[in-house]
Amino acid sequence: PYSVAKPGCRASSTDPMTWCDYDSAYAAYAAGIFPPHDGLLFACGNGIGGVDLDSCVDRKTGKIDARAMEVNEKANSYTELSVSGTGVRIFMRLPAGLSGRGNGVELYSDKRFLSVTGHHLPGTPTTVNDRTHESEELRENLLGKRRASATTSGTESAPGTLPSNVTALGITDDEVIARCRRFEGFDALWQG
């Protein structure tokens, strides 16, 4: 995503200073300031987030695969086709700090962007509905496989708990640190 305030600079999903309001973003988009870009991005947060389902729509037939339909039915909220036309985005009211990722499905309630196309998926609600209860279950389904594989990685733990060296994300502390090191400035912060 690009910043409207600084057209040559990228916006950050974690830095609200690089964001703008909808009217400013739409005006820049409509004026063609960012060609050939093809949509607006919505910063998840303030109680609204969404599900991103990739590669679930057949480009030729428009048919949505069974797994995506199951997620879509559970979410029961405003759904639209993605920019590529091969995925869907489901926007919902969600609690802060909720995230999950796995098997081509991502669930975010803050610190992420989701593209907005306005290509509403027929047969789904036209409103953004509160799915706090359902989102917790969906997150558990998304992370369940990773958690199960983490508990069988050689470190014993009590049933229903994670090994001491594995985070709730299903990866070790060392893996978390390695991923963080990809971001500019992390090593300086890590070193104090």
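## Burial of the charged pair

A residue counts as buried when its relative accessible area is under 20%. In this predicted model, D52 has a relative accessible area of 9%, so D52 is buried. R89 has a relative accessible area of 11%, so R89 is buried too.

## The salt bridge

The count of salt bridges comes to one. The bridge joins the side chains of R89 and D52, with a distance of 3.0 Å from N to O. R89 belongs to strand β4 (residues 88-93) and D52 to strand β2 (residues 48-53), so the contact ties together parts that are 37 residues apart in sequence. Both partners are buried, D52 at 9% and R89 at 11%.

## The cavity

Rolling a probe the size of a water molecule over the atoms shows where empty space remains. One cavity of 30 Å³ or more is counted, and the volume of the largest cavity is about 30 Å³.

Which residues line the largest cavity? The lining is made up of V71, K74, A75, M92, E134, S135 and L138. Two helices, α2 (66-75) and α3 (132-151), each contribute at least two residues to this lining.

By residue class, the lining of the largest cavity holds four nonpolar residues, one polar residue and two charged residues. K74 and E134 are among the lining residues, and Lys and Glu count as charged. S135 is also part of the lining.

Methods
Residues numbered from 1 in each chain as written. Predicted model: local features only at pLDDT ≥ 70, side-chain atom pairs only at ≥ 80, totals over all residues. Heavy atoms only, no water. 1 Å grid on protein atoms, 1.4 Å probe; cavity = no way out; pocket = protein on both sides within 12 Å on 5 of 7 lines; lining within 4 Å. Points joined across faces, edges and corners; volume = space filled by probe spheres on them. Helix = DSSP H or I, 4+ residues; strand = E, 2+ residues; numbered from the N terminus. Salt bridge = Lys/Arg side-chain N within 4 Å of Asp/Glu carboxyl O. Buried < 20%, exposed > 50% of the residue type's maximum accessible area, 1.4 Å probe, protein only.
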